[in-house]
Amino acid sequence: MKRQLLFCGIMLLVISHADAQQHWKFGVSTIKASLFYPSIKNFSGPYHPGFSFLGERLVKTRKNSNKIISFEGGFYHHEYFQNGIFLLGGINYEYPIKSKLKLSWGPRLGYLHTFSPTGKYQHIDGEFKQIKDWGRPTGLVGLALGVEYPMINIKDSQNSVDLFFNYQVLVEGPFAPGAGVPVIPHIFSSLGIKVKLF
Amino acid sequence: MKTFLLLLLVVSIISCTNYEELKPEDYTCFTLPAIAQDHPRADEFQNFVNAKVREGLPGLNMMVRTNDGRAWFGAAGKADIHNNITLSPCHRMIIASVSKIATAAAVFKLVDAGKIDINNKLSDYLSGEYMDKIENAKEVTIEQLLDHTSGLFDYLNPTKWELTSINEPYKSESPAEKLKFAYGKSPDHAPGETYAYSNTNYVLLGLLVEKVSGQTLATFLAEQIFIPLGLNSVFVGDEQTHLRNGTPKGYLDIHGNETLIESEFWYHYDLATGDGGIITTMYDLGIFIEELLAGNVISSASLATMKDDFELPEDWKGFYHERNGHGFEIYETPYGTAYGHTGAVYGFLTIAWHFPDSGVTIIHSINGVSDKIFDIREQLTDDLMKMVFEE
């Protein structure tokens, strides 16, 4: 319960901060989830699919960088091991470079609710029985690296449809502290599009 | 919009389940001799197995030979909880490290054939990247691999191995691929200095058998040991065969809260190398260990070397495991010395003990792993010994 309250508090702070500004962008992405530390295997390994919806709000513009508040919610399916619904909030520091390309990085904090794809079983009345899987609440913390490129310029406006790639290194915890595995790593490699809606 | 997103998530979760809808005939069942029901204590043993499952095991498969020479085998619980399939003694269980006895026996078969001298260095027989990159691999002798005094780093220890096996479910790994997890890691100790259990030792011994015999470990074991003993259920995993097919499901308490999940995606990695690649019925496993200890598999000189033991360092002792041989673990129980091994993967726990002095054999395998199941396993073994020896 404390964990949920902490998460809600952080999200409220982020949202209220974002509301004071302008420039919303919304996007959608496909995710390749990997339960591993950062490695080339994040790309070459098996495809654990997912998707996410994200919103971004520009909060500060400097000469060479932008500060952006970011929210993301989505789902991934890690075959046999875990289905996860996640909500992530964070700040992006965005650096426009030549050819309209933008690089970004920023911290992430969030909530992950996981389900077992093969069911859960408990010893009840002398035998193991399948039980309803209501999921398991955990936290996520990590770092996002991103690259963004305006793919299509929208006519008669300064808006564009932007192609982006995000590489998020996240740690899920608590995982199984009693079994000596307090946290486990996740990598979300996302490819998607963003568009400025208003 | 909110409703749409919520629906999308719910549909995603529901559609991304991986329940296999299986029937009893999907689980391979081997013909067993019709002797179990004839044992005068058959009902007593079956009640014991039933009671232990009721205490908190998914499934329990057991074989016992009492000191009158009569064998009993039986099972209780589930081979597959989701599909409500009952575990049977005709089902094969994953015996994990108990397989090391067979790998050691294969090495001694080649010793008997004059093709291996256990005092020689491993590097006299094997070469390759793993010999260069596993620290001390070129220095250790075959004997040090057999009795776990090589000090070689255990490839199963790194977190990287565990993450890889979760992240790449059902990817086959060759022995050489597995050994990569030990590359560049510091050895536990200098060769021969002391004891430290390491799965790397038996992966290398499996490769040694393959190199010297010119056959795969699976083929060598089948042709030289299991087929001559008439053990038709014993199967040694290889890179091409997923042992999950037809094998009862293993369950693991992954979060440490006594709630189990199906865990075969995690233990398949253990199943194609000399450190733990065998599945078998409990009856066939019992026959193998009894025949081996009776001197019917390898020469008496080789058997004496396999049994030749030393006292374990204090920090390695546990649950009657006081001494170690060359392929056998040696258990000093209140009822005498037992030779055998224990086996554990993320889904199965097995104990296989034979007491040569009394002729008693105790074999059992559980298709679940949790703290509570570990405790039940130890109590089960104590209770079973008491039952068998104090009738």
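This note goes through a predicted model with chains A and B, point by point.

1. Basis. In this predicted model, local features need pLDDT of at least 70 and side-chain atom pairs count only at pLDDT 80 or more, while totals for chains, interfaces and linings use all residues. Residues are numbered from 1 along each chain as its sequence is written, and chains are lettered from A and ligands numbered from 1 in the order in which they are written.

2. Chain B overall. Chain B has 13 helices and 15 strands; these are DSSP runs numbered from the N terminus, helices being H or I of at least four residues and strands E of at least two. Its C-alpha trace spans about 70 × 60 × 40 Å along the principal axes. A compact globule of 391 residues would have a radius of gyration near 21 Å, and the 21 Å of chain B agrees with this. The radius is taken over C-alpha atoms, and the globule rule is 2.2 Å times the number of residues to the power 0.38.

3. The sheet of chain B. Nine strands form an open sheet in the order 3-2-1-14-13-12-11-10-9, with antiparallel pairing; two strands pair if DSSP finds at least two bridges between them. Strand 3 (85-86) and strand 9 (310-311) of chain B each have a single partner strand, so one side of each is left without a neighbour in the sheet. Strand 9 of chain B is joined to strand 10 (residues 321-324) of chain B by two bridges, and B:Phe310 has B:Asn324 as its bridge partner.

4. Helices on the sheet. Helix 11 (residues 282-293) of chain B packs on the sheet and touches strands including strand 1 (59-65) and strand 14 (360-366) of chain B; its direction makes about 140° with that of strand 14 of chain B. Helix 13 of chain B lies across strand 1, strand 11 (329-333), strand 13 and strand 14 of chain B, at about 155° to strand 14 of chain B. Axes are lines fitted to C-alpha atoms, for helices over the stretch in contact, and angles run from 0 to 180 degrees between N-to-C directions.

5. Helix 2 and helix 13 of chain B. Helix 2 (residues 42-56) and helix 13 (residues 371-389) of chain B pack at an angle of about 160°, with axes 10 Å apart. They are therefore roughly antiparallel to each other (angles under 35 degrees count as roughly parallel, over 145 as roughly antiparallel, 65 to 115 as roughly perpendicular and the rest as oblique). Among the residues that meet are B:Phe48 of helix 2 and B:Leu380 of helix 13; contact means C-beta atoms, placed from the backbone, within 7 Å. By class, this contact has six nonpolar, one polar and three charged residues. Ala, Val, Leu, Ile, Met, Phe, Trp, Tyr, Cys and Pro count as nonpolar, Asp, Glu, Lys and Arg as charged, and the others, Gly among them, as polar.

6. Helix 3 and helix 9 of chain B. The axes of helix 3 (residues 99-112) and helix 9 (residues 217-226) of chain B come within 10 Å and cross at roughly 75°. These two helices are therefore roughly perpendicular to each other.

7. A hairpin in chain A. Strand 6 (residues 120-124) and strand 7 (residues 127-131) of chain A pair in the antiparallel sense over five bridges. A:Gln122 has A:Lys129 as its bridge partner. The hairpin has two residues between the strands, and A:Asp125 takes a positive phi near 50°.

8. Between the chains. The contact takes 29 residues from chain A and 28 residues from chain B. On the side of chain A that touches chain B, the largest share, four residues, comes from strand 6 of chain A.

Technical notes
Two residues are in contact if their C-beta atoms, placed from the backbone, lie within 7 Å.
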